[in-house]
Amino acid sequence: MEVSVDRDSCVGAGQCVLSAPAVFDQDEDGLVELTNPRPPAEQERSVRAAARLCPARVISLG
């Protein structure tokens with residue numbers, strides 16, 4: 001799985017960090033930071049949850 005984010009559209013809700021803290025973080029402004037664009041298979045479920053819960057839909061999975 002490959003993950004990408006659209007930081008310009010992020011609203012800083014933080015659901016991604018709560019769902020998949022090994023893959024996402026937030027900067028000092030609360031915007032998403034992608035810390036692992038190619039997470040291991042065992043992270044797939046939490047990353048998919050993060051994408052689903054993101055209110056701005058800024059997480060893309062490939």
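This is a predicted model: local features need pLDDT of at least 70, side-chain atom pairs count only at pLDDT 80 or more; totals for chains, interfaces and linings use all residues.
Is E44 buried, partly exposed or exposed? With a relative accessibility of 32%, E44 counts as partly exposed, because that class covers residues between 20% and 50% relative accessible area.

E44 forms a salt bridge with R48, in which the closest N and O atoms are 2.9 Å apart. Both residues belong to helix α2; because they stand four residues apart there, about one helical turn separates them. R48 also counts as partly exposed, at 43% relative accessibility. In general, side chains of opposite charge can pair when their charged atoms come close. Over the whole structure, a search finds three salt bridges.

Another of these salt bridges joins E2 and R38, with 3.0 Å between the closest N and O atoms. This pair links distant parts of the chain: E2 lies in the segment before β1 (3–5), R38 lies in the loop between β3 and α2 (44–53), and 36 residues separate them. The accessibility of the two partners can be set side by side. E2 has a relative accessible area of 41% and is partly exposed, whereas R38, at 59% relative accessibility, counts as exposed.

D27 and R7 likewise form a salt bridge, their closest N and O atoms being 2.8 Å apart. D27 sits in the loop between β2 and β3 and R7 in the loop between β1 and α1 (15–19), so the pair ties together parts that are 20 residues apart in sequence. D27 counts as buried, because its relative accessibility is 13% and the buried class lies under 20%. R7, at 33% relative accessibility, counts as partly exposed. When residues up to four places away in sequence are left aside, D27 touches R7 and E33.

D25 is found in strand β2, while D29 lies in the loop between β2 (24–26) and β3 (32–34). D29 counts as exposed at 60% relative accessibility, and D25 is partly exposed, with a relative accessible area of 36%. Apart from residues up to four places away in sequence, D25 touches V17, L31, V32, E33 and T35. Along the chain, D25 and L61 are 36 residues apart, and their C-alpha atoms are separated by 17 Å.

Attention now returns to helix α2 and its packing. Which residues of α2 are buried? They are S46, V47, A49, A50 and A51. The buried residues of this helix pack against β1, α1, β2 and β4 (59–61).

Leaving out residues up to four places away in sequence, S19 touches S46, A49, A50 and L53.

At 42% relative accessibility, L53 counts as partly exposed. With residues up to four places away in sequence excluded, L53 touches Q15 and S19. Although L53 and Q15 are 38 residues apart along the chain, 6.3 Å separates their C-alpha atoms.

The loop between α2 and β4 contains R57. What is the phi angle of R57? It is near 55 degrees, a positive value in a residue other than glycine. R57 counts as exposed, at 57% relative accessibility.

Terms used:
Residues are numbered from 1 along each chain as its sequence is written. Side-chain values use heavy atoms; hydrogens and water are left out. Helices (H or I, at least four residues) and strands (E, at least two) are DSSP runs, numbered from the N terminus. Buried means under 20% relative accessible area, exposed over 50%, partly exposed in between (1.4 Å probe, protein chains only). A salt bridge is a side-chain nitrogen of Lys or Arg within 4 Å of a carboxyl oxygen of Asp or Glu. Contact means heavy atoms within 4.5 Å.
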